[in-house]
Amino acid sequence: MSKKTIQLRQICHARSGDKANNVNAGILVYNPKHYPVIVEQVTAEKVKKHFGEIVQGNVESYEMPNINAINFVLRKALGGGASDTLFIDNLGKCYGASLLRMEIEIEESLL
Amino acid sequence: MKTVRIGAGQGFWGNGQFGAINMVKSGEIQYLCCDALAELTLAILKKGMKKDAYAGWVNDLTPLMFKILLICKEKGIKVITNHGGLNPAGATAEVERIAKELGITGLKIATVTGDDVFDRLGEFEEKGLDLSNMDTGESIDAIKERALFANAYIGARPIVEALDNGADIVITGRAADSSLFLAPLIHEFHWSWDDWDKLAAGTLAGHLLECAAQSTGGNFLGDWWNVPRMEEIGYPIAEVRENGEVVITKPVGSGGRVSVETVSEQMVYETLDPNNYIVPDVIADFTSPVLEDLGNDRVMIKNMKGKPRPEKLKVFIGYQDGLASSALLLYAWPDAMKKARKMEEIIRYEVNKLKLPIVDFHVDYVGLNSVHGSAAPMPADEDSINEIGVKFSIKTYDKGAAGKFAGLFPSWALDGPPALAGTGGFASGPRELLGPWSALVDRNEIEPNITVSYREV
């Protein structure tokens, strides 16, 4: 069994949006067999590190096994909120896309 | 089993109107529901009311009504919308005017008010209600002198009342998005107000429709390039059965795609804890439903679960939070990045020299990392960058500082690094910043003040 490093975009799609100064970003696997892989590897801690300084608060993660998704809530992540931020992406629409760049390891046989 | 078809007509202020027109023409729906309000929208409406006190409602209502009202009247399609914003009565007067101009008679328009609690903030405080920020715990004292508007997210009940009383059009202010869609289901099926699973099913249907094409292939981050005929994308329809089963679909012949992927992607949109999706009518559990692709742009949703509605309603308060001023400079190859960085050095020097009273200074390299920030990797070879925009933004509470900041830029077209495209007009602002403040208030303080009034044309 050999492992391969891939970007999340190879197995996931995503969507993100704003709530006051918080952003949520959900990632969803196309194939249910990949769901345990993201549950194991895409942790709240790793997501917080991925975004770096733009996410100033905590990151919470919520599993949604019924749709093979994990929803991440990024607190204090929008520079003040849609009408109070200097960020160009003032509605947080691109945070989900950013997550798809994250690298994970996967058994080649699962691809 | 009885089935009701509800169509989405709009997902935000500024949405094109093809979707709504197509929906009433070929969606075979009984209800058209439009969500014109986002958190940000009320802030924009408030700014508009400074210039015109009679504004305050979402003004794309006018062209929308001119285009759909005759068809809706002819087909008996009822319209429910939160276009009322901060002035529902103003929106109703506009619908009345348009109906008369179109020669429509026998139209009953209902107006829901009572969500606007701005004038009651003092009363809430006297009663000792806690208006602390529900996200941060901060006391309202930090912003109460700067508050500009305050609206409670209200539920489906007054809309159901309006429909029960024969309204053809229902105009609301800050009704919760999903409540606009749930209300006609309660009206049609006589679902009990404590039948939590069914209320949750209707809420999920509303959540999937409230952002219009975001369920039918719009803003879809999967294989979006394969979404058929995006230029004529159809808005979603919820075909709801009396037992709470929902099929999401779209008008026959329209563009777009309804699949488990497009629908489940919208399920996570603007969701915090999916086990407890809290709206005024119910707490819905988005981890419960099972989705099944039926083919032909139809997705079945079953097994939705709900829990008792919350005791408190969210009150959203917008407050003045200073001014933003920004400028965008575009540098060309060669050494585009070096030029932009030098300009950043110069502007930082100038801001320090003038001791501008700013509270935030933000620099974006547009084309490189302005969207993904620190998560965006730098290119290995900077010489491959053909051009780069560098955007400088400040936040300040001082109007003079905002103006002075904008004045820092023009000189550098001649005095600074070479190959700057455009020599003027790249500064924008100042624009007013409005801070978001969400608090929780006992629903018994809000709901007795909600009223439904009627106008007949």
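## Salt bridges in the model

Counted over all chains, the structure holds 33 salt bridges. Keep in mind as you look around that this is a predicted model. Arg75(A) lies in the loop between E5 and H3 of chain A, while Glu60(A) belongs to strand E4 of chain A, so the pair ties together parts that are 15 residues apart in sequence.

## Where chain A meets chain B

How many residues of chain A are in contact with chain B? There are 48 of them, and they touch 55 residues of chain B. The size of an interface is often given as the accessible area lost when the parts come together. Here, chain A and chain B bury about 4,100 Å² between them, and 57% of that area is on carbon and sulfur atoms.

The rule finds four salt bridges across the interface of chain A and chain B. Lys395(B) forms a salt bridge with Asp84(A), with 3.3 Å between the closest N and O atoms.

Which elements of chain A give two or more residues to the side that touches chain B? They are strand E2 (12-19), strand E3 (22-29), helix H2 (44-51), strand E4 (59-64), strand E5 (69-74) and helix H3 (95-99). E2(A) gives the most to this side, with seven residues. By residue type, the side of chain A that touches chain B divides into 19 nonpolar, 18 polar and eleven charged residues.

## The sheet of chain A

In chain A, four strands form an open sheet in the order E2-E3-E5-E4, and their pairing is antiparallel. E2 and E4 of chain A are at the edges and have a single partner strand each, so one side of each is left without a neighbour in the sheet. On average, neighbouring strands of this sheet are turned by 15° against each other, direction ignored.

Inside the sheet, E3(A) and E5(A) run antiparallel and are joined by six bridges. Looking at individual residues, Asn24(A) stands opposite Val73(A) in E5(A). H2(A) packs on the sheet, where it touches E4 and E5 of chain A, and its direction makes about 130° with that of E4(A).

## A sheet in chain B

Chain B has an open sheet of three strands, in the order E9-E10-E13, and the pairing is antiparallel. Which strands are at its edges? They are strand E9 (277-279) and strand E13 (305-307) of chain B, each of which pairs on one side only. Neighbouring strands of this sheet are turned by 30° against each other on average, direction ignored.

Strand E10 (residues 282-285) of chain B is joined to E13(B) by three bridges, and the two run antiparallel. Ile283(B) has Lys307(B) in E13(B) as its bridge partner. Helix H8 (residues 196-209) of chain B lies across E9, E10 and E13 of chain B, and runs at about 110° to E13(B).

## Two backbone details to look for

Most residues other than glycine have a negative phi, and most peptide bonds are trans. Trp333(B) and Pro334(B) are joined by a cis peptide bond, with omega about 5°. You can find Pro334(B) in the loop between strand E14 (312-332) and helix H10 (336-354) of chain B.

The other detail is at Arg229(B), a residue other than glycine with a positive phi, near 40°. Arg229(B) is in the loop between H8 and strand E7 (237-241) of chain B.

Key
Residues numbered from 1 in each chain as written. Chains lettered and ligands numbered in written order. Predicted model: local features only at pLDDT ≥ 70, side-chain atom pairs only at ≥ 80, totals over all residues. Heavy atoms only, no water. Contact = heavy atoms within 4.5 Å. Buried area = accessible area lost by both parts, 1.4 Å probe. Salt bridge = Lys/Arg side-chain N within 4 Å of Asp/Glu carboxyl O. Nonpolar A, V, L, I, M, F, W, Y, C, P; charged D, E, K, R; others polar. Pairing = 2+ DSSP bridges. Axes fitted to C-alpha atoms, helices over the stretch in contact; angles between N-to-C directions.
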